[in-house]
Each structure stands twice: as C-alpha cells, then as structure tokens.
Amino acid sequence: MLETSARLLKLLSLLQVRRDWTGPALAGRLGVDVRTIRRDVDKLRSLGYPVTSLPGAAGGYRLGAGAELPPLLLDDDEAVAVAVGLRTAANGTVAGIEETSVRALTKLEQVLPARLRRRVQALQAHTTALSAAGPTVDAETLTTIAAACRDHRQLRFTYAPTHGEPTRRLVEPQGLVHTGRRWYLVAWDVSKEDWRTFRVDRITTEPTPAARCPPREPPAESLGEFVSRQVASNVYTYQAVLTIHAPLRAVAERTTPISAVLEPIDESSCLMRTGADSLDRIVFHLMFLGHDFTVHEPEELTDHVRTLIGRLQNAIGARG
C-alpha cells in the first residue's frame, strides 16, 4: 500500500513537471508496465485530479486544470525558490500582490519540513529589502498582456510616452521583459508597422484584447537584448557610440543592460552604445566607468568633451 501511494505521488509529480507524457515514458520513469500506469491514472482521477488521455498510437496523459488547486509537489530546492520568490514579490514592482504573496508564503512555511524552514528563515532574517522608489504595475495588467501573448491576440490601450500626449495603440504583443525595476512590453505596433517597446507602467488604461493575429517572427533572438538596445540608446535625444578601452567584463560590472549595450572588440576593449537626453549625462556616465574611451558619434558629444576639457584646464590654471 505504501509503495503504491509513493508511486502515485511520483506520478503526480512527473505530470506537473512536463505538459505531455506518453504511457511508455511514464512506465519507464517509474519502473512499472503501461497497464500499471493506466490503473494509477484512474486512481488519480478518482481523487479529483483532472488527468486527460491524449490520442495517438502510444497514448499519453496530461494534467489539466481542475476546479480546485491540487497539491503541488516540490523538491527541496524548488520549495526554497518559491519561498524566496514570494518574499521578493511582497516587496517588488508589481502592485496589488503584496498581501497575497505574504498569505501564500505563510501557508508554504507551515508545511515546509524543518530543515527547509530553517534555510528560508535564515535567508529572511539576514536579508534587508531596500525598497526602491519607482513605478509599479498592476498584476492584472501583466496577466492580461501575458495571456494575449500566449493566445496571439491584439491589444488596445492608451499609452503615455516620455514626451507628447497619450495616444491609443493597437499592438500585436510578443512578450514581457522585466529589468528588475521596470516591466516592458515588446509588441508590433499596427499603425507604425514596426516593433516597439512599451513601458507597462505608462499604459494608462486596462489593455483590452482584440482580434486574433498570426504569430510574427520576433524582432531578435532574445527579447531581453532587444529591450536593452531600445532602452539604452534609441529612446534618447542623443545616441552615442564609443570604444571603451577595457575588457567587456570590467565595463559590464559598472553598467546595466538598460544603460548600455556592449559588444566585444578584443580582449582589452569593447564597443558601447548608450544614450541620454543631455550630453552632460553621457559624459558623467563615461567618467563614472573609470576607463579610457574614444568617441565615435555623435559629433556633438566630441565637441562637448572638448568644451569640458577646456573648462577643467581653466579651473586648474585659475588656482595657479
């Protein structure tokens, strides 16, 4: 009896890990025959788990969504990861889920084994969350956008850009990117006929799903890299291209993916693309890096650096 119960728990765990399983694959993982798998699946169904059968020569099974949430089986590392994630969500950038996250964390800690509870409590006791002032987004907005990405549906919403008046947009959403402080939506703008990056906190109305749309080839292999390129320079008045005379790894330690796009040149230098709404901000950013650099473009940045050099030389001369 105990052996059968342990096998049922293992079977349920496998069904939660992967979307579809064939009968032979499950039998191989559990060390039983296909007939035993069929009997075990029937037992799970009798306990209320919505396990559906898949068509095909080999047959298969899928754990569907039921009317009630079934018990979730987690290994040690998964349980700790979920606990840490819930704690982070309680102090994160998504508005409206703080209290829910705390409730879920409380329930999880009640059922954690003592050895795992000590690991989670030690991490919480010795970690201080520094709340950063910044925009938050609504959880329902994120789930609406994510569902539209999954279902290939257009979205309508009002967007307030950095400059200019809010405008109505119709987009074909591709995916969400989270930088740690902000959420971005990558989408095909129907009216602009081009890919655009939208800050989710600047979407001023609840996104409304519209007509279905065929999947598009994404603008880049990595949406994260695409957002990095867009946010680091393309949205700013001044866009700079420079050579930083230092290894890429050293420069990356003093920049972020949304402040600069880096490309290796050789072992001792890299190409940087960055931007800002003022030349002074770009120069300040470059001086903060602490490495020599060469300006390629724009010409205004080169002229501005010359002007600043003159001011600094005059300041030294004025002091004798």
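1. For the chain as a whole the mean pLDDT is 83, with 89% of residues at 70 or more. Where pLDDT is low, predicted coordinates should not be read in detail.

2. Helix H4 (residues 76–89) packs with helix H6 (residues 114–125) at an angle of about 30°, and their axes lie 10 Å apart. The crossing of H4 past H6 is right-handed.

3. On the H4 side, this contact involves Asp76, Asp77, Ala79, Val80, Ala83, Val84 and Arg87. The residues they meet in H6 are Arg115, Leu116, Arg119, Val120, Leu123 and Gln124. By class, seven residues of the contact are nonpolar, one is polar and five are charged.

4. An open sheet is formed by four strands, in the order S12-S13-S11-S14, with antiparallel pairing. Strand S12 (261–266) and strand S14 (293–297) each have a single partner strand and stand at the edges, so one side of each has no neighbour in the sheet. From one strand to the next, the twist averages 25°.

5. Within this sheet, strand S11 (residues 238–244) pairs with S14 over four bridges in the antiparallel sense.

Definitions and conventions: Residues are numbered from 1 along each chain as its sequence is written. This is a predicted model: local features need pLDDT of at least 70, side-chain atom pairs count only at pLDDT 80 or more; totals for chains, interfaces and linings use all residues. Side-chain values use heavy atoms; hydrogens and water are left out. Axes are lines fitted to C-alpha atoms, for helices over the stretch in contact, and angles run from 0 to 180 degrees between N-to-C directions. Helices (H or I, at least four residues) and strands (E, at least two) are DSSP runs, numbered from the N terminus. A crossing is left-handed if the near helix is turned anticlockwise from the far one by less than a right angle, and right-handed if clockwise. Contact means heavy atoms within 4.5 Å. Ala, Val, Leu, Ile, Met, Phe, Trp, Tyr, Cys and Pro count as nonpolar, Asp, Glu, Lys and Arg as charged, and the others, Gly among them, as polar. pLDDT is the predictor's confidence in each residue, from 0 to 100. Two strands pair if DSSP finds at least two bridges between them.
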